[in-house]
Amino acid sequence: MNNTKKISNAQPHLPSATSSSNLDRGLSSRHIQFLGFGGAIGSGLFMGAGKTISMSGTSIILTYLLIGIVLFFVMRAMGELLLSNLNYKTFADFCSDYIGPWAGFFIGWSYWLTYIVAGVIDFLVIGAYLQYWYPHLPAWIPALALLFSLLALNLITVKVFGEMEFWFTLVKVVAIIFIIVGGITLIATHHVMPNGVTASLGHLLDPDAFLPNGLVGFYAGFQIALFSFAGIEMIGTTAGEAENPEKTLPKAINSVPLRVMVFYVLSIACIIGVCSWKEISPDNSPFVQLFIVSGLPIAAALMNLVLTSSAISASNSAVFCTSRTLFGLAGQKQAPGRFGVTTKSRVPGVSLWFSCGCIGAGISLLIVIPQVMKVFTLVSTVAAVLLIFIWSLMLVAYLIYRKRRPDLHAASRYKMPFGIVASVCCLVFFGFTVWVMTLQPDTLLALSVMPLWFLWLTAVYALSYKKTLKAKVQRYRGPGTVELT
């Protein structure tokens with residue numbers, strides 16, 4: 001018996017990652033807040049922080065602060081636009097409306113690829129974490145096993161996803177709090193490590209540790225640090241599945257960036273204060289290294305277990321986000337119609353299967369390139385470029401919105417602070433970050449292949465979708481402005 005049903009009333013004019021008429025509104029305020037928070041705390045921080053610290057020294061704290069501030073403004077721009085008209089279900093909607101239908105097409109497919117790539121990374125590092133206990137275990141075995149497990153769970157219902165993400169994120173938060181409290185305790189007691197290093201604030205205040213590799217090293221930390229925040233905008237893909245978007249989205253947007261910055265900065269500061277940046281290996285997780293260096297192997301094993309759960313959480317987010325994006329593209333006639341079907345549980349089953357298949361194909365990189373950090377750097381650069389592109393289009397849409405609809409901005413009670421000025425400054429920062437990626441051979445290699453992706457999108461759009469989308473595109477006008485209380 002066929003257990004899928006064709007979407008019958010998807011909006012035909014703009015690419016949404018979700019459709020409120022077909023997807024279950026089962027994500028509560030608790031789910032929405034932890035979704036953005038959990039999505040941004042994953043392998044980029046737990047695995048990538050070692051390399052960023054080794055390159056940037058203590059200046060990496062400044063890097064995370066800068067990126068966190070920039071992304072807070074991006075999130076606020078996204079929030080004001082989403083709530084200016086409730087016909088917008090995702091950020092792809094308002095970009096299509098204000099920039100043009102091509103923007104929604106490019107964003108939809110780029111966002112899908114971003115989380116395919118990020119998902120590959122998260123599944124790869126799961127194998128690396130498990131090799132802490134089982135050194136001879138092929139990393140692809142646990143990676144594929146987890147992929148099939150998450151696929152099965154996500155096929156059940158969206159509430160299962162929300163609950164899974166909530167508890168996985170809670171474990172990560174507890175782990176980071178443990179790192180912060182433990183690090184502060186070791187620093188306060190001047191704990192002496194087996195290697196002779198004494199935990200001290202002096203490691204953070206040492207002027208030689210601020211720019212150990214000069215400005216080049218400082219700039220080199222931007223790419224992985226930026227990728228570490230990937231997922232923070234995921235709140236903007238869940239508007240169609242939020243129970244009460246006009247209340248849950250502002251609350252999540254206001255709280256998530258600040259929480260992420262605090263957790264990132266404090267955890268990294270504690271790691272450096274305990275170990276000193278010189279003792280941190282770029283090829284391993286500094287969260288595990290902290291306890292190994294401290295002579296606490298049991299704590300190191302426990303932290304490695306937590307990092308494994310963190311990677312599972314990030315993988316879960318990738319599976320969810322890629323399937324919803326592909327579902328939305330199909331519903332807007334920007335992808336094969338088969339991807340626009342839902343199961344009896346009202347989840348996009350075909351899109352889930354296809355996205356997981358693409359991630360599974362990426363897992364084969366473990367066979368070709370066994371060096372996890374080498375693959376991590378290359379692939380995370382691709383994801384970072386795609387995210388910069390998406391975040392930049394959000395800001396461009398905001399600037400057009402401010403010019404075209406001053407009435408909506410004036411009526412909004414959730415205005416972006418320093419709107420126009422902040423948007424321009426953020427765009428300049430993103431341009432600077434792309435230039436920084438040209439300074440290192442590994443990031444330059446990944447950056448050099450990205451034009452092929454955008455050329456392919458341009459060709460597909462021009463040949464298959466331009467005429468159709470221009471004929472069907474409709475501006476979101478009329479009622480929909482939300483007054484927040």
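The structure is a predicted model, and every value below was computed from it.

**The largest pocket**
- The space in the largest pocket comes to about 240 Å³, and 14 residues form its lining.
- Met 47, Ala 128, Asp 283, Asn 284 and Ser 285 are the lining residues that lie nearest the centre of this pocket.

**Helix α12**
- How many of the eight residues of α12 are buried? Seven of them are, and the helix is therefore described as mostly covered, since a residue counts as buried when its relative accessible area is under 20%.
- The buried residues of this helix are Pro 286, Phe 287, Val 288, Gln 289, Leu 290, Phe 291 and Val 293.
- Gly 295, which follows α12, has a positive phi, near 75 degrees.

- Leu 62, Leu 65, Leu 66, Phe 210, Leu 211 and Leu 215 together make a nonpolar surface patch of about 450 Å².
- Helix α4, which covers residues 60-84, gives the most to this nonpolar patch, with three residues.
- Leu 65 has its place in helix α4, and it counts as partly exposed because its relative accessibility is 34%, a value that falls between the limits of under 20% for buried and over 50% for exposed.
- An α-helix has 3.6 residues a turn, so residues three or four places apart point the same way.

**The salt bridge**
- A search of the whole structure finds one salt bridge, and its partners are Asp 407 and Arg 405, whose closest N and O atoms are 2.9 Å apart.
- Are the two partners buried or exposed, wholly or in part? Asp 407 is partly exposed because its relative accessible area is 44%, whereas Arg 405 counts as buried because its relative accessibility is 15%.

**The loop between α17 and α18**
- Arg 413 is found in the loop between α17 (406-411) and α18 (419-436), and it counts as exposed because its relative accessibility is 57%.
- Arg 413 and Leu 83 are 330 residues apart in sequence, yet their C-alpha atoms are 9.5 Å apart in space.
- Phe 418 is also found in the loop between α17 and α18, and it is exposed because its relative accessible area is 66%.

- Most residues other than glycine have a negative phi.
- Phe 418 is not a glycine, although its phi is positive, at about 50 degrees.
- His 190 is likewise a residue other than glycine with a positive phi, near 50 degrees, and its place is in the loop between α8 (158-188) and α9 (202-205).

Definitions and conventions
Residues are numbered from 1 along each chain as its sequence is written. This is a predicted model: local features need pLDDT of at least 70, side-chain atom pairs count only at pLDDT 80 or more; totals for chains, interfaces and linings use all residues. Side-chain values use heavy atoms; hydrogens and water are left out. On a 1 Å grid over the protein atoms alone, a cavity is a set of points where a 1.4 Å probe fits but cannot get out, and a pocket is an open set with protein on both sides within 12 Å along at least five of seven lines; lining residues have an atom within 4 Å of a point. Grid points are joined across faces, edges and corners, and a volume is the space filled by probe spheres set on the points. Patches are made of residues with over 30% relative accessible area and no salt bridge: like charges are joined within 9 Å, nonpolar side chains (Val, Leu, Ile, Met, Phe, Trp, Tyr) within 5 Å. Accessible areas come from the Shrake-Rupley method with a 1.4 Å probe; for residues, only the protein chains shown count as cover. A salt bridge is a side-chain nitrogen of Lys or Arg within 4 Å of a carboxyl oxygen of Asp or Glu. Helices (H or I, at least four residues) and strands (E, at least two) are DSSP runs, numbered from the N terminus. Buried means under 20% relative accessible area, exposed over 50%, partly exposed in between (1.4 Å probe, protein chains only).
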